[in-house]
Amino acid sequence: MAQHNHFLIAIKSMITALFFTLHCIGFSGAVGRFSAVGRKGQWQLLLNNTGVVAMHMALTHDNTVVIFDQTEAGPSVYRLRRRHNGNRCTESHDDLADSSCYAHSVEYDISSNKVRPLRLYTDTWCSSGSFLSNGTLLQTGGYGSGTRRIRYFKPCGDGQCDWRQSERSLADDRWYASNQLLPEHDRIIVVGGRRTFTYEFVPKMSSNEGSHDLSFLHQTYDRSEGGNNLYPFLHLSSDGNLFIFANRDSILFNYRSNIVIKTFPRIPGDGSRNYPGSGSSVILPLDHTNNFERMEVMVCGGAASGAHRAAGQNRFLKGLSSCGRMVITGNRHKWNMENMPGSRLLSDMLILPTGNVLIINGAKRGSGGWNNARNASLQPYLYNPNHKLGKRFSVLKSTKIARMYHSSAILLPDGRVLVGGGNPHECYTFSNVAYPTELRLQAFAPHYMGRQYHTYRPINLTINYGHGDLSGVRYGVDFNVSFWLGRKPSKVVEFNAYAPPFTTHSISMNQRLLKLRCKKVVRAEGGLVHAVLEAPPSPNVAPSGYYMLTVVNGGIPSISQWVRFLHQ
């Protein structure tokens, strides 16, 4: 009898284990996904004055945010005691007007809600950036003295790190260029720029490493409209090639051999999607169920035809309200169009931990550039890519602070969105203008941050790489996570890895979200859950570096923890 009972218990355990393995997590009697309908989120004012305009922002794996502006717009509001050469900044008229006596970059600490000044040596106006695999921010280009400069910011955690400028320079001027981290270890491509129709690679392997002409940039350049192909959208495809979108056109580009592999259909409609048209773009979440091979690009908003010239005449044309989605893998390519709730440009598109897309900041009329836009877009839009056409967009809670040209936004590890900047003027201007220089720092908390979801929220997420390797996890290798779930688990629990972008001018460089494979899960007593996850299969899918790993329980995300994917 005892042997019979033991056999039944063993069979029952095997069935339970199989259930968990197949479904990852699916508890009987559990609820499904929590709807976002009718839940508009909340706005929080974090700081009244960051000291510098948040023209550019990037989240580091030390949970700080690097914020910086241009250096030649005159004095900021954050005064320094000494210049970078060590000379004191006095109260003299000359020193009070000297931009080198002011900080133009700060590091924002999320936990303390404080900023500290950082020192830039050359002008970063309208520049670009990407993170290297060790979490160092590599930052390129700018204006004037900075147009060919390469800079580094390596997070340190003790408040002692600062910007460092490379002795090597870019081959060409890079003002309004775009960056993309490549599958090759710590290799970044820099594409385009104002009156620059080339691409090049950083870090530089030698002092004479040059650039390469890209005819696509010549073809998409609109001289009468300020370019309309600046800050091109770059997305790394799962086959290792580069998707490039500029103005209204796009290609799949083999950067290793300088060959255009595909020319995609032109996105329908008039107007422009790239600066100064200033639309936005994301790759929709990549999924392990198709081995991350299917890649779909989304492009939203932009400026009407002739908007840049019209703004120069004080006429502000209505922006574009259309979005296009296109699968860039496979052999059939077509833009599937839909409309946002309203016209929009100068906005940021961010992928939330849930896989939904947030469209935030910007304007309804005009174009990019100094004082070229009107009618601030105060209401964020939420886009669910999995809903039926016509049901995908919802309008969220309005802010009272206009975020126009030179604003930016990034996703934080706790699921909020950090929002800062806005300065459509050549210097800091606070009065007698339609849209004053904006130094306040906000956070937008999506509906899933609400207290009513706390019992559903996974907490105490920890990551164990295993095999004694504390530095990260190799491609295709299993790793372990543990977290705690309360008494109300969902039928659907996902494990999402997010590459934090470098954001500026409505473009989020290197942003991507991957839905990882869960191979096994065990729920212990007291709500503790252990899961075995599989790392992405290759750097084509996820270039090496730090990602935010989030457990999403029925649409309610945990606080993210950092995971590092490594080359073999």
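Is Glu184 buried, exposed or partly exposed? Glu184 is partly exposed, with a relative accessible area of 28%; here buried means under 20% relative accessible area, exposed over 50%, and partly exposed in between, with a 1.4 Å probe and protein chains only. The model is predicted, and local features need pLDDT of at least 70, side-chain atom pairs count only at pLDDT 80 or more, and totals for chains, interfaces and linings use all residues. Residues are numbered from 1 along each chain as its sequence is written, and side-chain values use heavy atoms, with hydrogens and water left out.

Glu184 forms one with Arg256, the closest N and O atoms being 2.8 Å apart. This pair links distant parts of the chain: Glu184 lies in the loop between β10 (178-181) and β11 (188-191), Arg256 in the loop between β16 (249-254) and β17, and 72 residues separate them. Helices (H or I, at least four residues) and strands (E, at least two) are DSSP runs, numbered from the N terminus. Arg256, at 47% relative accessibility, counts as partly exposed.

A second salt bridge joins the side chains of Asp98 and Arg83, at 3.0 Å from N to O. Asp98 lies in the loop between α2 and β4 (105-109) and Arg83 in the loop between β3 and α2, so the pair ties together parts that are 15 residues apart in sequence. Asp98 is partly exposed at 24% relative accessibility, whereas Arg83 is buried, with a relative accessible area of 15%. A further salt bridge brings together Glu296 and Arg294, at 3.3 Å from N to O. Here Glu296 is buried at 9% relative accessibility, and Arg294 is partly exposed at 45%. Salt bridges that share partners also join Asp172, Arg174, Glu200 and Lys204 into one network.

The loop that holds Arg83 runs between β3 and α2, and these two elements span residues 64-68 and 93-97. Gln70 lies in the loop between β3 and α2 and counts as buried, at 4% relative accessibility. Contact means heavy atoms within 4.5 Å. Leaving aside residues up to four places away in sequence, Gln70 touches Met55, His104, Asp123, Thr124, Trp125, Trp370 and Glu426.

The strand pairing of β3 can be followed next. Two strands pair if DSSP finds at least two bridges between them. Strands of a sheet pair through backbone hydrogen bonds, either parallel or antiparallel. β3 and β4 run antiparallel and are joined by five bridges, with Glu107 in β4 as the bridge partner of Val66. On to β5 (residues 114-118), β4 again runs antiparallel and is joined by five bridges; Pro117 in β5 is the bridge partner of Val106. β4 and β5 form a hairpin with four residues between them, and Asn113 in the turn has a positive phi of about 60°. Four of the five residues of β4 are buried, so this strand is largely enclosed by the rest of the structure.

Another sheet brings together strands from separate stretches of the numbering. This open sheet of four strands has the order β1-β31-β30-β29, with antiparallel pairing. Its edge strands are β1 (42-47) and β29 (407-411), each of which pairs on one side only. The twist averages 25° from one strand to the next, where axes are lines fitted to C-alpha atoms, for helices over the stretch in contact, and angles run from 0 to 180 degrees between N-to-C directions. Five bridges join β1 to β31 (residues 441-445), and Leu45 stands opposite Gln442 in β31.

Ile267 provides a buried position elsewhere, at 1% relative accessibility. Ile267 lies in the loop between β17 (259-263) and β18 (280-283). Not counting residues up to four places away in sequence, Ile267 touches Phe245, Arg248, Arg273, Val299, Gly324, Trp335 and Met337. Between Ile267 and Ala171 there are 96 residues in sequence and 32 Å in space, C-alpha to C-alpha.

Finally, Leu528 is found in strand β40 (residues 528-534) and is partly exposed, with a relative accessible area of 33%.

Conventions:
A salt bridge is a side-chain nitrogen of Lys or Arg within 4 Å of a carboxyl oxygen of Asp or Glu.
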